[in-house]
Structures are given as structure tokens and as C-alpha cells.
Amino acid sequence: MNRMLVRRIASNRRGLRVVGRKTFCNDAAAEQSSSQASSDKHDTENTIRQHDIAIVGGGMVGMALACSLELVRLYGQEALIVGGEISKPHLAREMEDSDFPWKAISPIPFLASTICNLARHKPSDFHMPAASTPLTKHLTVAIIDSNPTLGKEEYFKKDDPPDPRVSTVTPATISFFKDIGAWEYVQQRRHAYFDKMQVWDYTGLGYTRYNARDVDKEVLGCVVENKVLHRSLLSCIQDTDSQKKIYPSRLTSMNLAPSLSSMRVDGTSSGPSMSTSGGLAKLELADGNNLYAKLVVGADGSKSRVRELAGFKTTGWKYSQNAIICTVEHQEDNYCAWQRFLPSGPIALLPIGDKFSNIVWTMNPKESLDRKSLSEDDFVNALNHALDSGYGPRPQSQSFGDGSIFSWLRANVTSSASECFEVPPKVVKLASERMVFPLSLMHANQYASRRVVLIGDAAHTVHPLAGQGVNLGFGDAAALSRTIAEGVKVGTDVGEVSLLKRYEADRKLANLTMMAILDGFQKAYSVDFGPLNVLRAAAFHGVQHISPLKKSIISFASGEHRLPLFS
């Protein structure tokens with residue numbers, strides 16, 4: 001056994017040390033077509049780089065998938081990351097197989113059916129099953145990304161203000177990061193937990209306060225800079241005792257049924273050759289390299305090249321809104337998340353640590369351009385106007401007692417029901433550039449076909465009003481890694497469509513439900529109409545004082561994916 005392992009290590013080293021470069025003619029499409037046959041012939045006469053999984057996109061979600069697969073590798077799997085130096089196997093202690101039942105929930109087109117299915121089924125959580133050594137030890141992974149900084153050392157200066165691009169990660173995502181060994185890196189950098197949140201609207205008719213104690217949790221979430229999250233995932237892989245080689249490049253074309261009849265494999269794939277596996281996906285990169293994989297994972301964002309090449313259709317629309325994001329500074333620390341609904345869209349103030357907060361301000365496109373062009377002082381004044389004094393009065397704090405239409409629920413009141421309305425901390429300084437980006441909703445009609453699967457923004461984009469977008473992506477990564485592990489466990493080809501459709505059914509349920517809820521909120525708060533304003537105020541009061549409803553909302557937003565009143 002040890003001799004076989006040594007031979008495989010040597011084979012991997014020889015196969016990964018040098019990657020041949022091919023010359024492409026970029027300005028002649030006809031020549032590219034006519035040269036396909038000769039390219040295939042060249043491939044058969046030379047060593048072909050074959051992998052089990054090729055992840056296109058080395059952003060946060062793509063790296064999260066690589067890390068979660070690396071976690072399984074630490075229990076006996078072998079992993080190759082195209083993005084570092086040379087990979088070698090790492091053997092660890094064997095663990096017992098966990099009994100992880102499949103949750104094959106069929107995708108459903110209507111929200112009503114989605115809610116019913118959510119009530120009947122318990123969705124899978126983020127935690128990873130252990131994998132047995134004999135079944136998964138040869139799995140190899142390649143990451144393809146043209147970002148030149150991927151894999152390079154990045155230093156964060158403590159005195160630098162936070163980057164405006166941040167993510168609010170849920171307790172479920174935090175648990176996922178802890179499971180894959182990435183959260184320790186985050187804790188050593190700037191981040192901000194928050195255990196309270198206040199939501200209200202400009203009419204002053206109502207407000208809701210959430211507290212982690214309401215559901216016996218320590219925090220509601222944590223705000224972290226995207227660059228810190230990304231680096232934590234990359235460090236999680238680099239800190240292992242394996243060596244990697246990075247190939248920063250971009251995907252130019254993908255052939256899911258290459259015409260090669262035979263090929264010589266370089267030993268990086270764990271399974272059968274192309275001739276016995278029913279064909280692999282062929283990926284052509286901009287630098288001239290060709291890769292073959294049993295499974296191609298599109299983690300390359302909302303404008304996914306993988307989704308385009310695979311022919312996956314999408315459904316969605318653009319909101320007539322832009323979002324301004326920036327970092328601001330206060331005179332005191334902020335430990336609460338704040339969100340106020342204004343006539344043109346919500347504004348959120350999120351703690352980021354060291355007296356800094358992050359702003360996400362939604363408005364119509366013309367307003368966003370006008371606000372971005374304001375002087376720093378005028379913009380700070382506009383922020384404070386939007387967060388407190390402008391558009392309408394502050395809500396009146398209401399005690400939970402006599403005279404309240406919800407007083408009959410007094411026996412089951414949450415601790416936050418008695419909390420008074422608080423004024424958010426005043427912004428004193430703009431600490432970063434102002435960035436503007438358009439908002440849209442998009443959902444891929446299918447996530448998977450033979451040899452191709454989508455995760456993260458390549459599969460779905462949502463409105464940022466609840467900060468759920470990246471958390472859905474991390475949920476995709478965790479679910480797909482579980483699906484792959486279960487497939488390998490029973491000897492299934494990781495690119496088999498029946499296996500990938502299980503992942504699709506599981507994640508479509510969670511993603512469509514969250515998308516429908518966020519889109520409903522966006523539409524409900526985009527209308528300034530007297531009777532509707534009263535209904536929204538009643539909703540704020542209801543959530544504030546109806547304990548089961550508030551607990552369910554907190555649990556759902558925390559990543560447990562249980563709809564209110566269906567827990």
C-alpha cells in the first residue's frame with residue numbers, strides 16, 4: 001500500500017511540475033475551428049491534464065467549495081488546487097462514515113408549493129459528513145481563475161480603514177467556516193459580531209428589534225470584509241502540508257463531449273480514463289492550456305461563462321435601484337445592525353469594528369449618481385438625515401402591556417419585545433470611496449446537467465436588503481461537497497446528472513424561498529401609499545411582540561431555512 005502511495009506521489013509531482021503552453025491565434029475564428037482536429041491530435045500525443053473536479057472561479061464561494069472538499073481530503077482524500085505549486089497526498093486519521101440520508105426534494109415552480117415542502121422536510125445544514133479513506137482518497141480538484149493576486153501573500157494593515165466590500169455572515173455560515181478551519185483566520189483580523197438589530201421605516205409608525213437572546217444564540221451575525229473571508233479560505237488550503245501550483249487563467253471554451261478516442265492521463269485523476277468514463281468535459285483556457293474534468297463547477301459569478309457555455313437559461317429582472325456602499329466612522333463603537341426603509345429603498349448601517357460601520361444605501365439610479373458626486377461633508381449629512389432625522393419622525397417606543405393589541409401574548413414575550421427604539425450612532429466621517437452597483441434578481445432555470453453544475457451567483461443573485469446573497473452561495477458550496485462525497489461513497493461518477501440533480505433539488509428549495517421573500521420585501525417597501533403604510537406598521541408591531549413569529553424569522557435569517565410559523 002505504501003509503495004503504491006509513493007508511486008502516485010511521484011506521478012503527481014512529474015505531472016504537475018510543468019504545464020505545456022500552446023499558441024492560439026485570437027483573431028481568426030475560422031482558423032480556430034479548422035485547427036480543432038489538430039488540437040485534439042496534439043492532446044492525444046501528449047500528456048493530458050485530467051481532474052475529477054474543475055472549479056471555474058476562485059472567489060469566496062469557489063474557494064469555499066475547494067476548502068470543504070479539502071476538509072474531506074483531510075480525512076483521507078487527495079486534492080489538487082490549480083492555483084499553487086505541486087500537490088501531494090496528505091493522509092490523516094480514518095474516521096467512521098456518518099450515515100447521511102439523501103434528501104431528494106423535487107424542485108417546485110410556485111412559492112406556495114415551496115412553503116408546503118419546507119414545512120414537511122428538514123433541509124440539510126452546513127455541517128460536513130466524514131468520508132471514508134478507501135472511497136475518496138484519489139479525488140482531485142482544479143481551480144481556474146484569472147485573478148493575478150490569487151495565491152499571492154496579502155498583508156492587512158491594522159490602521160487601514162475597512163474595505164467597503166463586506167459580507168454579513170450568518171451563524172450557519174460561521175459554523176461552516178469553523179468546520180473547514182477558516183474561521184480562526186477571520187478572528188485574527190478585523191470583524192464585528194452583532195447580537196442586536198433594529199428595523200424601522202420612515203413613517204415612524206412602527207419598529208422591530210431583534211436580539212440573539214430571543215433564540216438562545218450568542219450572535220445574530222458577523223460583518224467581515226470580503227478580502228478577509230477570501231484570504232481565510234485560501235489560507236485554509238495553503239496551511240495544509242500539500243504543495244500547489246496556481247494557473248491564473250480564464251475559461252474560453254468548454255466541450256462536454258470531446259472527440260478524443262484515446263488519451264494518456266497524467267495521473268491527477270482518481271477514476272477511469274475518458275474512454276471508459278463516457279467522456280469528460282474539456283476546458284480550454286486563455287493561456288493555451290487544456291484541462292479535462294469529470295465535473296465542471298461554475299462559481300464564476302452572475303455573468304458566468306460556465307453557465308453561458310453550458311446553455312443554462314435564466315429568469316430574472318433588473319430592479320430600478322442602485323446601491324451605494326462605503327465605510328463610515330463614528331465617535332463610539334457600534335455593536336448593532338440598523339436598517340431603515342426609506343421611500344426609495346432601505347439604508348443599512350452595519351458594524352465592522354474599531355468604530356467603523358458599513359453603509360448599504362439603496363435608491364434609484366439617478367439619486368445614486370447624485371449622492372456619489374456630493375462632497376464628503378454633504379454626503380455625511382445626507383447619511384445622518386437618512387438614518388435618523390429625515391423623511392419622517394422617529395417611532396414611539398411602545399411598552400408591551402395594557403392597551404396593546406398584542407398584550408394577550410404577554411406570557412410568551414421575548415426579551416427584545418420590551419426594548420425601546422434607539423437612535424443609530426451618528427456618522428462623523430467618510431472612511432472610504434463610495435461605490436455604486438446596480439441591483440437585480442436572477443435565477444438559473446437549472447443548476448446542473450451532465451458534468452456541469454452551478455453554485456453561488458452563477459446560479460442566483462438576490463436583493464442585498466437582508467445580506468443573504470453570499471450566505472446562499474456558501475450553502476451551495478457545502479451542499480455540493482456533501483453530494484460529491486456521498487456520490488464517491490457509493491461509487492458514482494461525480495459528473496453523473498442524477499447525482500447533481502440531488503444537489504439542485506436541495507438548493508433550489510432554499511434559494512427560491514429566500515429569493516421570493518426578499519423580492520416580496522423589496523416590492524412591499526417600494527410603494528408609498530397610506531393604507532399600505534399602516535399595514536407595514538402593523539407588521540412591525542406584530543413581529544416586535546409576537547414571540548413565535550420573531551423567533552422563526554431570526555432562525556430563518558440565521559441560516560436554518562425554516563419559514564416563519566413552519567418551524
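This is a predicted model: local features need pLDDT of at least 70, side-chain atom pairs count only at pLDDT 80 or more; totals for chains, interfaces and linings use all residues.
## The whole protein

Let's start with the big picture. The protein has 567 residues, and 55% of them are buried. Its secondary structure comes to 17 helices and 21 strands.

Among contacts with a separation of 6 or more, 81% are between residues 24 or more positions apart.

## A covered strand and its partner

Now look at strand 7, residues 207–211. Five of its five residues are buried. In a regular strand the side chains alternate between the two faces of the sheet. Here, Tyr207, Arg209 and Asn211 sit on one side of strand 7, Thr208 and Tyr210 sit on the other, and all of them are buried.

Strand 7 pairs with strand 6 (residues 196–201) in the antiparallel sense, over five bridges. In one of these pairings, Lys196 has Asn211 as its bridge partner. The hairpin has five residues between the two strands, and Gly204 takes a positive phi near 75° there.

Helix 9 covers residues 226–238 and holds Arg231. With a relative accessible area of 4%, Arg231 is buried. Beyond its neighbours within four places in sequence, Arg231 is in contact with residues including Glu153, Glu154, Phe156 and Tyr185.

Helix 13 (residues 376–389) has 14 residues and reaches 19 Å from its first C-alpha to its last, close to the expected 20 Å. Its buried residues include Phe379, Val380, Leu383 and Leu387. Just after helix 13, Tyr391 takes a positive phi of about 75°.

## Salt bridges

How many salt bridges does a search of the whole structure find? There are 18 salt bridges. One joins the side chains of Asp370 and Lys366, at 3.1 Å from N to O. These two are four residues apart in helix 12, so about one helical turn separates them. Asp370 is partly exposed at 39% relative accessibility, while Lys366 is exposed at 60%.

Another salt bridge links Asp506 and Arg482 at 3.9 Å, N to O. Because Asp506 lies in helix 15 and Arg482 in helix 14, this pair ties together parts that are 24 residues apart in sequence. Asp506 is buried at 12% relative accessibility, and Arg482 is buried at 4%.

Helix 15 also contains Lys501 and Glu504, three residues apart, whose side chains meet in a salt bridge of 3.1 Å, N to O. Lys501 is partly exposed at 32%, whereas Glu504 is buried at 5%. Elsewhere, salt bridges that share partners join Arg190, Glu225, Lys227 and Asp354 into one network.

Technical notes
Residues are numbered from 1 along each chain as its sequence is written. Side-chain values use heavy atoms; hydrogens and water are left out. Buried means under 20% relative accessible area, exposed over 50%, partly exposed in between (1.4 Å probe, protein chains only). Two strands pair if DSSP finds at least two bridges between them. Contact means heavy atoms within 4.5 Å. The expected span of a helix is 1.5 Å times one less than its number of residues. A salt bridge is a side-chain nitrogen of Lys or Arg within 4 Å of a carboxyl oxygen of Asp or Glu.
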